[in-house]
Amino acid sequence: MPVRARLIVFARAPVIGGAKTRLAAGIGKVMAWRAYRAMTAKILRRVRDPARWQTVLAVSPDNAISRNFGPAWPGNLPRWPQGSGDLGERQARVFAGAGKVSSAVCGGGGLEGRRGDIVSRMSPPRPLRGHSPRERGKKRGRALPIAVIGTDAPDITRRDIARAFTLLKRHDAVIGPASDGGYWLLALTSAPAGLFDGIRWSSAHTRSDLEARLSQSGLGRIAYLRELADVDEA
């Protein structure tokens with residue numbers, strides 16, 4: 001089945017002390033670890049829809065890419081390393097690569113067995129030099145819609161993801177706003193170079209900075225999903 005759209009889920013390895021460090025300061029490392037494992041597994045169950053989009057895990061740290069974390073990181077999902085840098089650099093890398101992968105490489109709706117193991121050890125493919133995902137899509141007759149989410153908003157649903165891809169047909173970008181001034185989803189068909197430069201991450205200004213950068217990059221037609229609360233992590 002051809003890949004119609006791609007959902008990239010940014011996830012930290014669910015190990016004690018490796019995620020939810022701010023939460024751990026209040027409830028302890030073990031309880032935070034349990035909460036994060038459960039939250040990640042729940043989100044992945046709720047957002048996967050192989051018939052409509054392919055779900056890919058973008059994992060951190062990179063050396064955890066082949067580890068078995070049970071339902072927190074399902075073995076039949078392809079995995080990509082996030083790579084180094086701040087959130088903007090990592091998102092830019094994933095958006096650039098996600099528009100290039102063909103259905104012949106990653107399959108159309110979740111991978112099984114040996115084929116999935118091969119993909120799980122690959123980096124996000126490099127974009128074709130000099131072309132954004134939208135430009136490449138035009139050459140093929142379409143642009144591949146890409147949505148990125150994290151694992152901080154436990155109330156995300158499959159309906160939210162479907163709504164994002166529907167809105168993206170008529171807009172340049174779709175944002176899922178978080179109640180703390182950030183965002184829990186960003187969907188694009190084009191991520192120009194430098195899009196994420198200058199954004200103040202993990203602050204009350206994150207979403208407004210992103211909106212400004214989208215407008216400055218010619219992606220000013222922005223649609224919004226419902227606002228959700230997120231469980232922040234350091």
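Let's start inside the fold: leaving aside residues up to four places away in sequence, threonine 40 touches Ala72, Trp73 and Thr151, where a contact means heavy atoms within 4.5 Å. Threonine 40 has its place in helix H2 (residues 29-47). With a relative accessible area of 1%, threonine 40 is buried; that word stands for under 20% relative accessible area, while exposed stands for over 50% and partly exposed for anything in between, using a 1.4 Å probe and protein chains only.

A quick word on what you're looking at. This is a predicted model, in which local features need pLDDT of at least 70 and side-chain atom pairs count only at pLDDT 80 or more, while totals for chains, interfaces and linings use all residues. Residues are numbered from 1 along each chain as its sequence is written, and side-chain values use heavy atoms, with hydrogens and water left out.

Now step back to the whole chain. Of the 234 residues, 50% count as buried. Take the contacts with a separation of 6 or more, and 71% of them are accounted for by residues 24 or more positions apart. The chain exposes about 10,900 Å², and carbon and sulfur atoms supply 50% of that; the areas come from the Shrake-Rupley method with a 1.4 Å probe.

Next, the sheet. Seven strands make an open sheet with mixed pairing, in the order E3-E2-E1-E4-E6-E5-E7; two strands pair if DSSP finds at least two bridges between them. Strand E3 (79-81) and strand E7 (222-224) stand at the edges with a single partner strand each, so one side of each has no neighbour in the sheet. On average, neighbouring strands are turned by 25° against each other, direction ignored. Further in, E1 and strand E4 (residues 146-149) pair in the parallel sense over four bridges, and valine 9 stands opposite isoleucine 149 in E4.

Helices pack against this sheet too. Helix H7 (residues 158-168) touches E1, E4, strand E5 (173-177), E6 and E7, and its direction makes about 40° with that of E6. Helix H3 (residues 87-98) lies across E1, strand E2 (54-60), E3, E4 and E6, running at about 145° to E1. For such angles, axes are lines fitted to C-alpha atoms (for helices over the stretch in contact), and the angles run from 0 to 180 degrees between N-to-C directions.

What about the aromatic rings? A search of the whole structure finds five aromatic pairs. The rings of tyrosine 183 and tryptophan 201 have centres 6.5 Å apart and planes at 55°, so this pair is tilted. Rings of Phe, Tyr and Trp (its six-membered ring) pair if their centres lie within 6.5 Å, and planes under 30 degrees apart count as stacked, over 60 as edge-to-face and the rest as tilted. This pair links distant parts of the chain, 18 residues apart: tyrosine 183 is in strand E6 (residues 183-188), tryptophan 201 in the loop between E6 and helix H8 (206-216). Both residues are buried. Phenylalanine 196 and tryptophan 201 also form a tilted pair, 6.4 Å centre to centre with 40° between the planes. Ring pairs link Phe95, Tyr183, Phe196 and Trp201 into a cluster.

Finally, head for the outside. Arginine 4, in the segment before strand E1 (6-12), is exposed, with a relative accessible area of 55%.

Technical notes. Helices (H or I, at least four residues) and strands (E, at least two) are DSSP runs, numbered from the N terminus.
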